[in-house]
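Me: Please walk me slowly through the structure shown below, and let me ask about one point at a time.

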There are 2 protein chains.
Amino acid sequence: MKHYLLAPGPTPVPPVVLQAMAQPMMHHRTPEYEALFAEVRRDLRTLFQCKNEVLMFAASGTGAMEGAVVNTLSPGDHIIVVQGGKFGERWAEICQAYGLHVLAVTVPYGKSVEPAMVAEALRRAPGTKIVLATHSETSTGAIHDIHALAGIVRGTDALLVVDAITSLGVMDLPMDSWGVDIVVSGSQKALMLPPGLAFAALSDKAWARVPEARLPKFYFNFAKERKAIAENQSAYTPAVSLVVGLRESLRLILSEGLPIVFARHDRLARATRAGVQALGLTLFAEHPGAACTAVGAPHGIDGGAVVKGMRKRGITIAGGQGSMKGKIFRISHMGYVDAFDILTALGGLEMVLADLGYPVTLGAGVQAAEQLLRQ
Amino acid sequence: MKHYLLAPGPTPVPPVVLQAMAQPMMHHRTPEYEALFAEVRRDLRTLFQCKNEVLMFAASGTGAMEGAVVNTLSPGDHIIVVQGGKFGERWAEICQAYGLHVLAVTVPYGKSVEPAMVAEALRRAPGTKIVLATHSETSTGAIHDIHALAGIVRGTDALLVVDAITSLGVMDLPMDSWGVDIVVSGSQKALMLPPGLAFAALSDKAWARVPEARLPKFYFNFAKERKAIAENQSAYTPAVSLVVGLRESLRLILSEGLPIVFARHDRLARATRAGVQALGLTLFAEHPGAACTAVGAPHGIDGGAVVKGMRKRGITIAGGQGSMKGKIFRISHMGYVDAFDILTALGGLEMVLADLGYPVTLGAGVQAAEQLLRQ
C-alpha cells in the first residue's frame, strides 16, 4: 500500500533531503561541517526574517519553548499566556514547572484570543515580564494575530515570545519588523525534516534580558549557545544528519521564495476548507491557519473512526488531542505538500465518510477543491 | 578523496542504518511506529542490561545528563563528582548551574579516580545524595572502575549515576547486577547512529527518588516520559528517523552479541595501543578504555598538526579539548569499526608523523597492530 502523510508533524520529507541525510556521517568539528553550518545559519536568518543568529538545539520544539522561558525569567516572575488550545497550555505548564506566576488569557478551543484581551491583561498586570503566544495552534487549527499582539507588547517592558512551530515557513512572521522578541520552531513541520531540531531566535530586547534571568538551565542555555555559534559551532554535539538535511530543505524553501511558499500554503488551506465544507462538514477553528485544517466530526460519527478509516486507505491524518479526542480530525497542508495531496485527502475522506454512513456525494469535496486550485 | 571517520563521536553509521533512515517519514502516532518502538524498547533494555524501561529523548547526551540531575535532586543537595577530564567536569557544571553543593574528587587529566577516594569522600560527606561518574572519559581515553564504585555506593543512601556515553556498547556495564542507579548515553557513539538521541535508565532505587526531587524541569521530565512510555509513546515528538535507525543498529549489535561486541572493541583498542606504542608514542591514559585511544603528542610536535595532517589524507581523528589542546590526539575505535580501520589510522599516522619530522619507521605501527589482530 502507498502511504500518504498528511498529519501536522512529522510531515513528508522531500527525497533530496532524505538522500542528503543518507550520506556517510560527517564530523562536526571539521571544515566541511563548518561550511555547511555557515550556510544554514545564514538561511535560517532569512527564514526567520531576523538579523540575529538563530539558535539550534538537538531537541523537539518543546525544548526551545522551555529555553525561551528559562533564559529570560527569574523565580517569581509574572507572565501572561495567550491560550486557546493544547500548545498554549504547554506554555503555561512550562512556566508553572518553574514556579512562575501565570496569568492565562484563555478562549475556548477553536477560538483565538483577541489582541484587545491581551492589552487589557497587560494593563491589569503591569509587571508582566513576558507574553507567551502560539502563532498557529496546531491542536485546533486556529491562528493568533501575532502582528497585532506585537504592536501591543512592543510598547511595554514585556517580551513577546511566539511558538511558531507550525507557522514558520507556512505564514508570514517577519519577527524583526513586527517586533516579536523570541520565535521558537521545530524541524518536522514546514521545514520538511524529521523531528529532532529546535530553533530559537531572539531580538536585541530579548538578549538584554538573558544575563539577568536567574532560572536554572544547562542544556538549553542560550548565552552559551550564542557564544558557540559565534565560533560557527554548537555548545553540545549537534544533530549532524538533521543539519545536513536542513541545508537542503532551506535551499528548497528559499529557492521557491518565501512569499510563494506562504501563498502555496494559503492556497492549499483554502482548497482543503472548501472541500470539507462542500461535504457539509464544519471548520473547527474560527480563524483557521494555513498549517492544518481541523474539521468537526459530523454528528454521530467519531473523529477517531475517520482517522482509522483514512489509515486503512494509506492516509495518515491526525485526530483530536485531549478533550477534543473524537470531536475533530486534522488534515495538514504543511511543508512538502501540493494540490494533489489535498485531492488525495479529500477523496479519501469522502470514501471514509461514506463507509461510516455519513451522507456524502462522492467527489463533491474534490470538486470544490479543484475549482479553487484551478485558479 | 575517500573519508574515514575515526573520531570519538559522531562515529560511522552503517549503510543499512543510513538506508533505513532514508525511508519516507513515518508518523509516530501510528501502529507502524508503535511496533517499531516496542522492539526498540525491548532491545534497549538488553543493551543497558536492565529490567526497567530505558527513557529516550530527542537531545544530545548532555540533555540526559541534565535530566539525571534534575529528576533526582532538590535545591541545596550535596553531591560528589568523580572527575578526571572534561566530561567529569560537565557533571560538576550541571550541578553548579542548579545550585547544588559539589564535592569534586579530582585527579589530573589522564588519571582515573581510585574507588577508595570516593569511599573516603562518602565517609566525609555522609549526606551525599548522588555520586556522578564517567565510565569512559572521552577527553582523556581513561576509564573509571564503575563495578568497584557501585560496590561502594550501593551500601549508602546515595545513588550512583554514570555517564556511559562512550562506554555503552563498548565495555561491559551490567547496570542491574552491578547496582548502578542511573546510566545515561547517546546515539552517536557505539550505537552507530547520528547524534540526536539521548538515553537514561534508572534503577528502582533511583525511581524512588524522582517524586521527591524538587529541582525544576520540563522537557527532561523523567516521570512524564515514563508515563508516556507505558503507553508505548514519548512525551514529546520523538526524533522518528533516528529511532528508525536505532532499530537497525540495535539489531546489528544484538545479533553480533554483546560479549562479542565488547571483545571486538577491546581487541581494536589493544591493537591501536600496540601500534602507537610501536611508533614510540605514549598513551595519555593510565587506564585506557576501549572507546578511544588518547595519544600524547611527541615532544616538539603539536597534536593539532597531527589532526590536520590526518584530515588532509582523508582521516578524521580528534585533537585534545580545553587544556589538552595540542598535547594529545585521539583515535576512536567505537561502533562500526573493524581491524582495517585501525590499520588505516595507524598507516595515516605514520605518514603524517614522518611529514612532521618525527623519526618513524613507516609500517612499524601497522606491523605491531597486525601481530595482535592476527590472533
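Me: What share of the contacts in chain A with a separation of 6 or more comes from residues 24 or more positions apart?
Reply: This is a predicted model, and the contacts in question are those in chain A with a separation of 6 or more. Among these contacts, the part that joins residues 24 or more positions apart comes to 72%.

Me: Why is chain A described as compact as a globular protein of its length?
Reply: Chain A comes to 14 helices and 14 strands in its secondary structure. For 375 residues the globule rule gives 21 Å, and because the radius of gyration of chain A is close to that, the chain is as compact as a globular protein of that length, with a radius of gyration of 21 Å.

Me: Is Leu36(A) buried, partly exposed or exposed?
Reply: Leu36(A) belongs to helix H2 of chain A, which covers residues 31-48. Since Leu36(A) has 19 C-beta neighbours inside 10 Å, it counts as partly exposed.

Me: Which kind of axis relates the two copies?
Reply: Chain B can be laid on chain A by a turn of 180° with a shift of 0.0 Å along the axis, and the RMSD is then 0.0 Å. The two copies are thus related as by a two-fold rotation axis.

Me: Which residue of chain B comes closest to the rotation axis?
Reply: The distance to the axis is taken at the C-alpha, and in chain B it comes down to 2.4 Å. The residue of chain B at that distance is Ala59(B).

How values were computed. Residues numbered from 1 in each chain as written. Chains lettered and ligands numbered in written order. Predicted model: local features only at pLDDT ≥ 70, side-chain atom pairs only at ≥ 80, totals over all residues. Helix = DSSP H or I, 4+ residues; strand = E, 2+ residues; numbered from the N terminus. Rg over C-alpha atoms; globule rule 2.2 N^0.38 Å. Contact = placed C-beta atoms within 7 Å. Least-squares fit on C-alpha atoms with pLDDT ≥ 70 in both. Buried ≥ 20, exposed ≤ 12 C-beta atoms within 10 Å, placed from the backbone.
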